[in-house]
Amino acid sequence: MTSNRLPDSLDALFRPAVEAGHIPGVVMGVASSDRVLYQGAFGKKSSDGMAELELDAVFNIASMTKPITGVAVMQLVEAGVVDLDEPLGRFIPYLESIQVLEGFDEQNRPQLRTPSRAVTLRHLLTHTSGFVYEMWNGDIRKFQEITGHPKMPSGKLEALRVPLMFDPGTRWEYGVGIDWAGLVLEAVTGTTLSDYMQQNILSPLEMHDTTYTPTPDIEQRLVPVHQRLAGQDFKVSQLRPDLSREYYGGGAGLYSTISDYLRFCRMILNQGELDGNRILSPETVGLMSRNAMGPNRVQPLPSFDAVISNDAEFFPGIEKTWGLTFLINEEATFTGRSRGSLSWGGIFNTFFWIDHSRDSAGVFLTQISPWVDKVALPLFESFESVVNEVEP
């Protein structure tokens, strides 16, 4: 891939969008396996301020934490410490006693039963465990309301101790499985997920601005979240890291920058290695990069909380599977993404793709709510299309 036409093409895409106020600001970048091809920052750090958005701006990447957790857990699998398909009750007793929510009786009492099989690491990493998120599942919301159970954003460990919504391995639904995978890692290693990531992934990859607990310097560079109201109006929330959380979220919680996350993507493009530092074997990257959930397929996510998320589906009509913490498109997309590429995003409309066939990775960072924003997602898709159009 060549980068000489990228600046003009991407300027022509992003600058009008921010100048018209359709989006407060965005930082994005493109890389191949051997170098960063382009990075750009457009717009303001905050829609109610004058400060320009800079390339070193720090974003809450939310569920873009999941692939990093996946790499951490797969290091343990690679080392033979834990198996993808073994029951996890010996590490976390709750996962041995967990039940499935069948429904509610006439008095609205939850009806629970024993699952048909044990939860495994493969189930957790592919969102086929039965664990779900309440913003996309009405039954778990009802369970929380009836029982007074804490919700996922509370940061309480008890919030994760909810029943499964279906038998493990029988279907796909996005949820907190990767949070549980992070807790399995902690049980196996005897260290926190944060410390493990720092030692085994973030420091070797020189991702110095990626952390669960921002330093004062990083906090100064945090981009606030913009809640889209009507049209082009936004409510700005100066969110600060919640240090009262009872666990480090394997599914969300990291803060990062464009340059840091591009380094992570380049490591995956390079089959597990970057700048002489090997994080995973090529065989493990290959395992993570293909369908790991059999005949199950990724389904649309209907929203049950319009403040947090719109109805969500990427590339409707295209068959999608899940690898070991990555979404995989099983057909080529209209953006030029190759069949079998890897991608996902975060709740504040951060997105990335990793396309091994094109030797291409792209990262798009903004801070807008709700998820699958009517401007941000099409802009990300156009971003990818432009990158693929300028490839020789």
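## Exercises on a predicted model

The largest pocket of this predicted model has a volume of about 1,100 Å³.

**Exercise 1.** Describe the lining of the largest pocket: which residues lie nearest its centre, and which element gives the most to it?

*Solution.* Begin with the residues themselves: 43 of them line the largest pocket, and Asn60, Pro153, Arg245, Ala252 and Phe348 are the ones nearest its centre. Next, turn to the elements, where strand E3 (59–60), strand E6 (225–228) and E13 are those that give two or more residues to this lining. Among the elements, E13 gives the most, with three residues.

**Exercise 2.** Find how many residues line the second largest pocket, and which of them are closest to its centre.

*Solution.* The second largest pocket has a volume of about 150 Å³. Its lining consists of 14 residues, and the closest to the centre are Leu95, Glu96, Ser97, Ala118 and Val119. Sorted by class, the lining of this second largest pocket has seven nonpolar, four polar and three charged residues.

**Exercise 3.** Work out the order of the strands in the seven-stranded open sheet, and say which strands form its edges.

*Solution.* The edges are strand E2 (36–43) and strand E11 (320–322), each of which pairs on one side only. From one strand to the next, the twist averages 20 degrees. For a closer look at one pair, take strand E13 (residues 341–346) and strand E14 (residues 350–355), which are joined in the antiparallel sense over five bridges; here glycine 346 has threonine 350, in E14, as its bridge partner. Helix H11 (residues 376–389) packs on the sheet, where it touches E1, E14 and E15, and its direction makes about 30 degrees with that of E14.

**Exercise 4.** Decide how helix H2 is oriented relative to helix H7, and name the residues through which they meet.

*Solution.* Two packed helices are described by the angle between their axes and the distance between the axes. The axes of H2 (residues 65–78) and H7 (residues 193–202) come within 11 Å and cross at roughly 75 degrees. Since angles of 65 to 115 degrees count as roughly perpendicular, H2 is therefore roughly perpendicular to H7. On the H2 side the contact is made by Thr65, Ile68, Thr69, Val71, Ala72, Gln75 and Leu76, which meet Leu193, Tyr196, Met197, Asn200 and Ile201 in H7. By class, this contact has eight nonpolar, four polar and no charged residues.

Notes:
Residues numbered from 1 in each chain as written. Predicted model: local features only at pLDDT ≥ 70, side-chain atom pairs only at ≥ 80, totals over all residues. Heavy atoms only, no water. Axes fitted to C-alpha atoms, helices over the stretch in contact; angles between N-to-C directions. Helix = DSSP H or I, 4+ residues; strand = E, 2+ residues; numbered from the N terminus. Parallel < 35°, antiparallel > 145°, perpendicular 65-115°, else oblique. Contact = heavy atoms within 4.5 Å. Nonpolar A, V, L, I, M, F, W, Y, C, P; charged D, E, K, R; others polar. Pairing = 2+ DSSP bridges. 1 Å grid on protein atoms, 1.4 Å probe; cavity = no way out; pocket = protein on both sides within 12 Å on 5 of 7 lines; lining within 4 Å. Points joined across faces, edges and corners; volume = space filled by probe spheres on them.
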